[in-house]
Amino acid sequence: MKKWTEVFLDGISLENPLTVLLIGLCSALAVSSKFEGSFFMGIAVIFVTLMSNVIISAIRNFIPHEVRIPIFIVVIASFVTIVDLTMKAFLPDVYGFLGVWIPLIVVNCMVLGRAEAFAYHNGVWLSIADALGMGVGYTVVIVLLAATRELIGSGKLEFLGATLIAFPEWYRGPNIVLLFPGAFILFGFIIAGTYAINRRLRARAATAAVRTERGASL
Amino acid sequence: MAKKSASPLQMVFSVTVVCAVSAAGLAGTYALTKDRIVAQEQQAQNEALGSVLPEAESFELREDLADAATEAAGETPVMGVYEALDGSGALVGWGVRTAPRGYGGPIQMVVGLDRDGLVTGVKVISMNETPGLGTQIVDLPWFLEQFVGVDSQNAAEEVRELDAITGATKSSRGARHGVEAACAVHAGVLEGEGAGQ
């Protein structure tokens, strides 16, 4: 059971797909100009990663090694299309914003990467932990980035038509934050932040390991 | 763990099975969501048409004019030409749906024109413009309102007089191209149609 939470937490912190593994960045930087859109993008990515990890780890013994990539892609593409159709039907406004980025989850290397690196070698239960950890890790970063960009850039934060936070009327945000250069700069700060947190986490894990070792030898 | 080497037959078989199951799943999802997607798109379009031609009660797609309209509009794609009819079924104007290129992809918009070819309104259905910059073409109401009253006979010149938005040059230009295309469709195709009624 400990292993499960470990795998899950690794996806969020020590192996965060966006800030540590640096995969799936293209969609993250493009979509993160709007808080609402990023939130649903995160949900979509969590769903696709979870479903593809579950299916692939469940049938991994029946997948011939030589054709595993095409099979992964077919499985991933199917779930992406399901998300695509469902979102178009039930959340048309959000779909209008995310547009092409939803179908492009198919080629998000985070999803394929987890299938190849984790689900293909592990059981269903652990693959669920991996998918949820990675998906939540992706979502946390993208939502954080989007909230910062939208708030600084346009002066207010909106979610499903409701304004969550708004700066006073006279506030004029720097437009660069909403454009790609701003995304890159802010993302750099987020990476730096995660790096600092992860270093602490590692240090704490190391001292804990030393302590248990000492305790065992006493 | 997967077997180290599989025979070609096994490979073909496993890929085929996976594809078949996926296809079934997708067909099911498609069947479940199809009606809602069509309804959502229809609703968004009708709302947009209604807002640019408030006098009209109903709109009818004129598929027979599609080819001529596409030709008249030039490079800007025209998705449909709609007859706007009032309660008694008389023609009150035209709605033209176009998708000019903005900064972040096509801007889906409808342009309303009255029988004389004056623009009655412009409405954006969906777009992928940069939030805070390109989206100002919708957020700043004066921008689209300034197209109202443009005469389709003389559209290119009249539109040139109008203002663009600072920081949203490409998005402004996209909206302008959309209006120009709708005007070109009216001048080239709909003018004659309207006179016939």
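This is a predicted model: local features need pLDDT of at least 70, side-chain atom pairs count only at pLDDT 80 or more; totals for chains, interfaces and linings use all residues.
Helices, in what follows, are DSSP runs of H or I with at least four residues, and strands are runs of E with at least two. On that basis, chain A has eight helices and two strands.

Let me begin with chain A as a whole. Its elements, taken from the N terminus, follow the order α-α-α-α-α-α-α-β-β-α. The C-alpha atoms occupy a box of roughly 65 × 50 × 25 Å along the principal axes. Chain A has 218 residues, of which 40% count as buried. If we take the contacts in chain A between residues at least 6 apart in sequence, 77% of them join residues at least 24 apart.

As to confidence, the mean pLDDT of chain A is 89, with 98% of its residues at 70 or more. Among the elements of this chain, the highest mean, 94, belongs to H3(A), and the lowest, 81, to H5(A).

H3(A) deserves a moment of its own. This helix covers residues 35-58 of chain A, and its 24 residues should span 34 Å at 1.5 Å a residue; the C-alpha atoms at its ends are 34 Å apart, so the expectation and the model agree. Of those 24 residues, 17 are buried, and the helix is thus mostly covered.

I turn to the two strands of chain A. S1(A), residues 156-159, and S2(A), residues 162-166, pair in the antiparallel sense over four bridges. Within this pair, A:Leu157 stands opposite A:Ile165. The two strands form a hairpin with two residues between them, and A:Leu160, in the turn, has a positive phi of about 50°.

A:Leu22 is not a glycine, yet its phi is positive, at about 55°. Where does A:Leu22 lie? A:Leu22 is in the loop between helix H1 (2-12) and helix H2 (25-31) of chain A. Is A:Leu22 buried or exposed? With 11 other C-beta atoms within 10 Å, A:Leu22 is exposed, because the cut-off for that class is 12 or fewer.

Next, chain B, and its sheet. The sheet is open, with five strands in the order S1-S2-S3-S4-S5 and antiparallel pairing. At its edges are S1(B), residues 58-61, and S5(B), residues 119-126, each of which pairs on one side only. From one strand to the next the twist averages 25°. S1(B) is joined by four bridges to S2(B), residues 78-85, and the two run antiparallel. There, B:Phe59 is placed opposite B:Ala84 of S2(B).

Two helices pack on this sheet. Helix H1 of chain B, residues 8-52, touches S1, S2, S3 (91-98), S4 (108-114) and S5 of chain B, and its direction makes about 155° with that of S5(B). Helix H2 of chain B, residues 66-73, touches S2 and S3, with its direction at about 115° to that of S2(B).

Finally, the contact between the chains. Chain A contributes 29 residues and chain B 28 residues. On the side of chain A that touches chain B, helices H4 (68-90), H5 (92-98) and H7 (124-154) each supply at least two residues. H4(A) gives the most, with 11 residues.

Terms used:
Residues are numbered from 1 along each chain as its sequence is written. Chains are lettered from A and ligands numbered from 1 in the order in which they are written. The expected span of a helix is 1.5 Å times one less than its number of residues. A residue is buried if 20 or more other C-beta atoms lie within 10 Å of its own, exposed if 12 or fewer, and partly exposed in between; C-beta atoms are placed from the backbone. Two residues are in contact if their C-beta atoms, placed from the backbone, lie within 7 Å. Two strands pair if DSSP finds at least two bridges between them. Axes are lines fitted to C-alpha atoms, for helices over the stretch in contact, and angles run from 0 to 180 degrees between N-to-C directions. pLDDT is the predictor's confidence in each residue, from 0 to 100.
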